[in-house]
Amino acid sequence: MPNSTQPNVPQAPNVKELVEKAKEIYNSHKDELEDSDSGKYVVIEVNSRRYFVAPTKDEAMAQARREFPNILLFVRRIGELEKVSHHLSSFSPKKYASFL
């Protein structure tokens with residue numbers, strides 16, 4: 001059985017921490033995003049704090065994947081808080097895991 005503390009063994013991302021960081025990043029840009037892009041989707045890469053906005057989830061993911069092809073990303077709809085869904089995308093633009 002491999003030891004998870006070995007230097008070359010990738011560690012599973014801490015999803016809860018990723019979601020919290022992504023929410024913090026979103027909230028720091030919330031006014032700007034909701035004023036200009038309400039109803040669109042934002043994809044956030046938490047380590048770089050970069051985000052990508054597009055009219056659809058797939059378009060936003062495609063933009064982010066060009067720069068971050070193998071990193072867990074956070075996706076959410078901008079604004080409309082009662083209808084917001086949070087998603088995490090792992091290593092494929094078509095794989096989404098819902099988070100509420």
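## Glutamine 63 and its surroundings

Contact here means heavy atoms within 4.5 Å. By that criterion, and leaving aside neighbours within four places in sequence, glutamine 63 is in contact with Phe52, Val53 and Ala54. The structure is a predicted model, in which local features need pLDDT of at least 70 and side-chain atom pairs count only at pLDDT 80 or more, while totals for chains, interfaces and linings use all residues. Residues are numbered from 1 along each chain as its sequence is written, and side-chain values use heavy atoms, with hydrogens and water left out.

Glutamine 63 lies in helix α2 (residues 57–67), where helices are DSSP runs of H or I with at least four residues and strands are runs of E with at least two, numbered from the N terminus. Its side chain reaches the backbone oxygen of valine 53 at 3.5 Å. Glutamine 63 counts as partly exposed because its relative accessibility is 26%, given that buried means under 20% relative accessible area, exposed over 50%, and partly exposed in between (1.4 Å probe, protein chains only).

## Strand β1 and its partners

Valine 53 is also the bridge partner, in β2, of valine 42. Strand β1 (residues 41–45) pairs with strand β2 (residues 50–54) in the antiparallel sense over five bridges, pairing requiring that DSSP finds at least two bridges between the strands. β1 also pairs with strand β3 (residues 73–77), again in the antiparallel sense, over four bridges, and there tyrosine 41 has arginine 77 as its bridge partner.

Both faces of β1 are covered, with Tyr41, Val43 and Glu45 buried on one side and Val42 and Ile44 buried on the other.

Notes
Polar contact = N/O pair within 3.5 Å; in protein donor to acceptor, adjacent residues only side chain to side chain.
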